[in-house]
Amino acid sequence: MLSRTADHLYWMARYTERAENTARMLDVAVQTAMLPQSALDTEQAWRAILGISELQGAFDAAYGTLDAKNVLAFMVSDPANPSSIVACLTAARENARAVRGVLTTEVWETQNATWIELRDRLGANLDADPGEFFDWVKLRCHLARGVTLGTMLDDEALVFIRLGTFLERADNTARLLDVKYHGAGAAATHDVLTQREFYYWAALLRSVAGFEIYRKVYRDSITPARVAELLMLRADMPRSLLACMEQVVANLKAVRNDVSAGTERLAGKMHAELQFARIGDVLAAGIDETLGTFMENIYALGNGISRDFLVPLGA
């Protein structure tokens, strides 16, 4: 496959996944903001949203006040923010358009219809009911993935789509968990949670569609250690770090070439460290340190995939 074609497919998938992740994160933030809390707690919660995506500096440069309205505008519709939902869905559609001949008609029409309908979904409706808009974004991203898996030939094109999806998902889960552990403070070190702390950790689970899965797996009260175990080390949790890395390793193997051994080795190392880890060891080593190393490796892995398979930067 041509590297430029692989590049478009990979980034189409990454932007689609990023749009859904952002919608999930903002939806939970809006719901959490309705709980009784101080003005300082509210501001810190919205600041955490920007911290997850490393966009605090860009936001401060463009907006004077940190509040819900400005953060939503920045993260949903600001064209100057490349990680906003509008920017991500637009970029996904443009990458799909560039490789229209490789995609099935159903995949292209799904991406294009999402982009067309997006314009009608913004505006007054977003202010009145942001939850409805976020549900729509999540549904369209689910539809895009489902149509892709249901209609695309299982060849290299699908492999690069999967690589983009699972690399982006792993990065997002790690960022969410890292920021939540930072923000939780003392609540992250004990298992008896106050009512407010319970809602805090339940919100994290909902942001990765993990609340019902947690109840099914543990059948017990929510604790920070179990949340970390579920989102890091459970291979049967679709958005866990281990589940994502299993997919990355398998798909890298399917497209390996003469120069990709180092990238495969890094992915395999990251997968093995998660596969054989135990949550007690992770907690002893420090969640912050473990997640920090993982995010550094995810960044290096993305660079390796770009170098070995995709269009060189600036080409």
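This note goes through a predicted model point by point.

1. Basis. The model is predicted: local features need pLDDT of at least 70, side-chain atom pairs count only at pLDDT 80 or more, and totals for chains, interfaces and linings use all residues. Residues are numbered from 1 along each chain as its sequence is written, and side-chain values use heavy atoms, with hydrogens and water left out.

2. Helix α13. Helices here are DSSP runs (H or I, at least four residues; strands are E, at least two), numbered from the N terminus. Helix α13 covers residues 241–254. The expected span of a helix is 1.5 Å times one less than its number of residues. For the 14 residues of α13 this gives 20 Å, and the end C-alpha atoms are 20 Å apart, which agrees. The buried residues of α13 include Leu241, Leu242, Ala243, Cys244, Met245, Val248, Asn251 and Leu252. Buried means under 20% relative accessible area, exposed means over 50%, and partly exposed lies in between (1.4 Å probe, protein chains only).

3. Helix α11. Which residues of helix α11 (residues 211–218) are buried? They are Phe211, Tyr214 and Tyr218. These residues cover an arc of only 55 degrees around the axis, so they lie on the same side of α11. The arc is taken from the directions from the helix axis to the C-beta atoms. The face turned away from the buried side of α11 carries the exposed residues Glu212 and Lys216. The cover over the buried residues of α11 includes α10 (195–207) and α12; contact means heavy atoms within 4.5 Å.

4. The loops on either side of α11. Most residues other than glycine have a negative phi. Ala209 is not a glycine, yet its phi is positive, about 55 degrees. Ala209 lies in the loop between α10 and α11 and is partly exposed, at 37% relative accessibility. Arg219, also not a glycine, has a positive phi of about 50 degrees. Arg219 follows α11 and belongs to the loop between α11 and α12. With a relative accessibility of 71%, Arg219 counts as exposed.

5. Val227. This residue is part of helix α12 (residues 224–233). Is Val227 buried or exposed? Its relative accessible area is 0%, so Val227 is buried. Not counting residues up to four places away in sequence, Val227 touches Leu177, Trp201, Leu204, Leu205, Tyr214 and Ile222. Glu17 is 210 residues from Val227 along the chain, and the two C-alpha atoms are separated by 22 Å.

6. Arg169. Helix α9 (residues 156–184) holds Arg169, which counts as buried at 7% relative accessibility. The side chains of Arg169 and Glu17 are joined by a polar contact of 2.9 Å. A polar contact is a pair of N or O atoms within 3.5 Å; within protein, one must be able to donate a hydrogen and the other to accept it, and residues adjacent in sequence count only if both atoms are side-chain atoms. Neighbours within four places in sequence aside, Arg169 is in contact with Glu17, Asn21, Arg145, Pro238, Arg239 and Cys244.

7. Glu54. What does the side chain of Glu54 make a polar contact with? The partner is the side chain of Arg175, at 3.1 Å. In sequence Glu54 and Arg175 are 121 residues apart, while their C-alpha atoms are 9.6 Å apart in space. Glu54 lies in the loop between α2 (39–52) and α3 and counts as exposed, at 60% relative accessibility.

8. Aromatic pairs. The structure holds 11 aromatic pairs. Rings of Phe, Tyr and Trp (its six-membered ring) pair if their centres lie within 6.5 Å; planes under 30 degrees apart count as stacked, over 60 as edge-to-face and the rest as tilted. Tyr63 and Phe74 form an edge-to-face pair, 5.8 Å centre to centre with 75 degrees between the planes. Tyr63 lies in the loop between α3 (56–62) and α4 (68–76) and Phe74 in helix α4, so the pair ties together parts that are 11 residues apart in sequence. Tyr63 is buried at 18% relative accessible area, and Phe74 is buried at 3%. Elsewhere, ring pairs link Tyr10, Trp11 and Tyr15 into a cluster.

9. Charges over rings. A charge sits over a ring if NZ of Lys or CZ of Arg is within 6 Å of the ring centre and within 35 degrees of the ring normal. The charged end of Arg119 sits over the ring of Trp115, 4.5 Å from the ring centre. Arg206 lies over the face of Phe211, with 4.1 Å to the ring centre.
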